[in-house]
Amino acid sequence: MNKGELVDAVADKANVTKKQADAVLSAALEAIMEAVSSGDKVTLVGFGSFESRERKAREGRNPKTGDKMEIPATKVPAFSAGKLFKEKVAPEE
């Protein structure tokens, strides 16, 4: 499912126009990205949490030459699925 298909699904479920659904979805995603990039954690109960995590410096290899190289430490966005989301994806029987 791409963003356009998600907008269509949200518009149908919320009984709003596609333009309104697109505006709300875009604003929500932008707010989440801004919060996470500033170091905040965004928790949507039942869905999951978005946060930034530190990735340590490590040694890697250049795939073309095989030479060793240092990969610097960096921050990366991370998502952890919530309990309800996990249960929806893999229901226990």
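Two strands are taken to pair if DSSP finds at least two bridges between them. The model described here is predicted.

## Paired strands

Strand S3, residues 58–61, and strand S4, residues 68–71, run antiparallel and are joined by four bridges. Within this pairing, Gly 60 stands opposite Met 69 of S4.

S3 and S4 form a hairpin with six residues between the strands. In this hairpin, Gly 66 adopts a positive phi near 80 degrees.

## Overall fold

The protein chain contains three helices and five strands. Read from the N terminus, their order is α-α-β-β-β-β-β-α. The chain is more spread out than a compact globule, because its radius of gyration is 19 Å, well over the 12 Å that the globule rule gives for 93 residues.

Along the principal axes, the C-alpha atoms of the protein chain fill a box of roughly 55 × 40 × 30 Å. Of the contacts in the chain with a separation of 6 or more, 29% are between residues 24 or more positions apart.

## Surface and charge

Of the 93 residues in the protein chain, 15% are buried. The accessible surface of the chain comes to about 7,700 Å², and carbon and sulfur atoms account for 56% of that surface.

The side chains of the protein chain include 16 positive and 15 negative ones. The centres of these two sets lie 3 Å apart.

Note on methods
Residues are numbered from 1 along each chain as its sequence is written. This is a predicted model: local features need pLDDT of at least 70, side-chain atom pairs count only at pLDDT 80 or more; totals for chains, interfaces and linings use all residues. Side-chain values use heavy atoms; hydrogens and water are left out. Helices (H or I, at least four residues) and strands (E, at least two) are DSSP runs, numbered from the N terminus. The radius of gyration is taken over C-alpha atoms; the globule rule is 2.2 Å times the number of residues to the power 0.38. Buried means under 20% relative accessible area, exposed over 50%, partly exposed in between (1.4 Å probe, protein chains only). Contact means heavy atoms within 4.5 Å. Accessible areas come from the Shrake-Rupley method with a 1.4 Å probe; for residues, only the protein chains shown count as cover. Lys and Arg count as positive and Asp and Glu as negative; His and the chain ends are not counted. The place of a charge is taken as NZ of Lys, CZ of Arg, CG of Asp or CD of Glu.
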